[in-house]
Amino acid sequence: MAEFNKYFLMKAPEAILYAKEKLDIFDADEEIEAKEIGDGNLNYVFKITSLKSGQSVIVKQAGREARISADIKLSTDRARIEAQALLQQDKLAPGIVPKVYLFDEVMSATIMEDLSDYTIMRTALINHQIFPEFAEHISTFMVNNLVGTSDICIEHKAKKDMVRSYINPELCEISEQLVYSEPFHDAMGRNNVYAPMADFVQKELYDDAKLKLEVAKLKFEFMTHGQALLHGDLHTGSIFVTPTLTKVFDPEFAFYGPMGYDIGNVIANLFFAWLNGEATIEDISEKKIFLDWIESTVEDIVELFKHKYDKFFDANVTDDMAQTDGFKEWYLEEVLTDTAAVAGLEMIRRIVGLANVKDITTILDENARVRAEKVCILVGKRFIMNSKQYRTGRQFVDTLKDVASERI
């Protein structure tokens, strides 16, 4: 149909026509329902469902402005990057991302598997559900996709071609600003600071020159260290879960950067859930079960990553110098250092930056929320300033618990 030969931003009626034209799973005269279900900051997401068969798909379209702010202008090429990344991730870690049925460059739209039977992990964690298989799944996803797209395993010219394909300047700029810049000086005046936290934020972040120097170093590493193909936004809002399954989605921020960026984001977002549980679960035994699970999951993610990295490296290493004695261990230590630093950045930016997290903002008691936010900032600072000290999952958990036990 001619309507889809030129880009425009679809609404639900157009999304129905689009799905019928692009896929052969719906009859032309079939009654179909479309609901816009996107709750993210950037894109438009439609669930397309046959009222006859119940069969459904997702149509995701990239807009030219962020939904979070019309001031953020974006290239719709991120839709290509996302679809391409999903296909790459499914190749290296089969079954842990949704299936892509079609990518349309003209409309900057992707049609993919509907995961409505799953729950967004952040929502599930705010409801204090636990997922015993998550550490196993996410560690496999990260090892296979991070190490598997690095110079360790890929012929170097082929890897450089991949870097070129995933250049993602607009979305990288969002991360450079929202993660590595604005939380530490609010230069653009758009930080979301909880009013009772204003003085604490000023003292602990805006006025801390040593912290800002370390963050400046980290920013330039993020911009220049094309180590592996990152998901780029790997938090609990970008993960679907069931009691036994995990699906990672939304890799539109994908680009080549430091591996620790993905790993650190996962750890930080689990800690947000820990702080929510500590603040809001009233039953002592239920609270212990949930907090213990978060702690063991963080420990397991780090330790499983290390274990699987070791095996994956040995099985897939191609570079001759990477096989030098001691290199494998050195490389992992650098990844863990980056992981700690990024976990710290994420814990801070989600408290004071433009994009806060519901784990914290839904804590209704003011004193409890202030305490949780202070813990995030202080833990984040420790991770950043002492990043070279973090080599085990237990060390990450101990820092959280040590700060949470203090009177702040």
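## Second largest pocket

Helix 11 (residues 327-352) contributes most to the lining of the second largest pocket, with five residues. Helices here are DSSP runs of H or I with at least four residues, strands are runs of E with at least two, and both are numbered from the N terminus. The model is predicted: local features need pLDDT of at least 70, side-chain atom pairs count only at pLDDT 80 or more, and totals for chains, interfaces and linings use all residues. Residues are numbered from 1 along each chain as its sequence is written, and side-chain values use heavy atoms, with hydrogens and water left out.

The pocket has a volume of about 240 Å³. Of its 15 lining residues, His-225, Gln-227, Phe-327, Trp-330 and Tyr-331 are the closest to its centre. The lining divides into five nonpolar, four polar and six charged residues. Nonpolar means Ala, Val, Leu, Ile, Met, Phe, Trp, Tyr, Cys and Pro; charged means Asp, Glu, Lys and Arg; the others, Gly among them, count as polar.

A pocket is an open set of points on a 1 Å grid over the protein atoms alone, with protein on both sides within 12 Å along at least five of seven lines; a cavity is a set where a 1.4 Å probe fits but cannot get out; lining residues have an atom within 4 Å of a point. Grid points are joined across faces, edges and corners, and a volume is the space filled by probe spheres set on the points.

## Cavities

The count is four cavities of 30 Å³ or more. The largest cavity has a volume of about 50 Å³. Its lining consists of Tyr-180, Leu-218, Glu-221, Phe-222, Pro-258, Asp-338, Val-342 and Leu-345. Six lining residues are nonpolar, none is polar and two are charged.

## Helix 14 and its partners

Helix 9 (residues 260-280) and helix 14 (residues 393-404) have axes that come within 12 Å and cross at roughly 35°. Axes are lines fitted to C-alpha atoms, for helices over the stretch in contact, and angles run from 0 to 180 degrees between N-to-C directions. Ile-267, Phe-271, Trp-274 and Glu-278 in helix 9 meet Phe-396, Val-397, Leu-400, Lys-401 and Ala-404 in helix 14, where contact means heavy atoms within 4.5 Å. These residues divide into seven nonpolar, no polar and two charged.

Helix 10 (residues 284-316) also packs on helix 14, at an angle of about 145° with axes 7 Å apart. Glu-295, Val-298, Glu-299, Val-302 and Glu-303 in helix 10 meet Gly-393, Arg-394, Phe-396, Val-397 and Lys-401 in helix 14. This contact has four nonpolar, one polar and five charged residues.

An open sheet of three strands has the order 6-8-9, with antiparallel pairing. Strands pair if DSSP finds at least two bridges between them. Strand 6 (119-120) and strand 9 (246-248) are the edges, each pairing on one side only. Two bridges join strand 6 to strand 8 (residues 239-241). Thr-119 has Val-241 in strand 8 as its bridge partner. Helix 4 (residues 134-147) packs on this sheet, touching strand 8 and strand 9, and its direction makes about 35° with that of strand 9.

Elsewhere, strand 4 (residues 100-104) and strand 5 (residues 109-113) run antiparallel, joined by four bridges. Phe-103 stands opposite Thr-110 in strand 5. The hairpin has four residues between the strands, and Ser-108 takes a positive phi near 50°.
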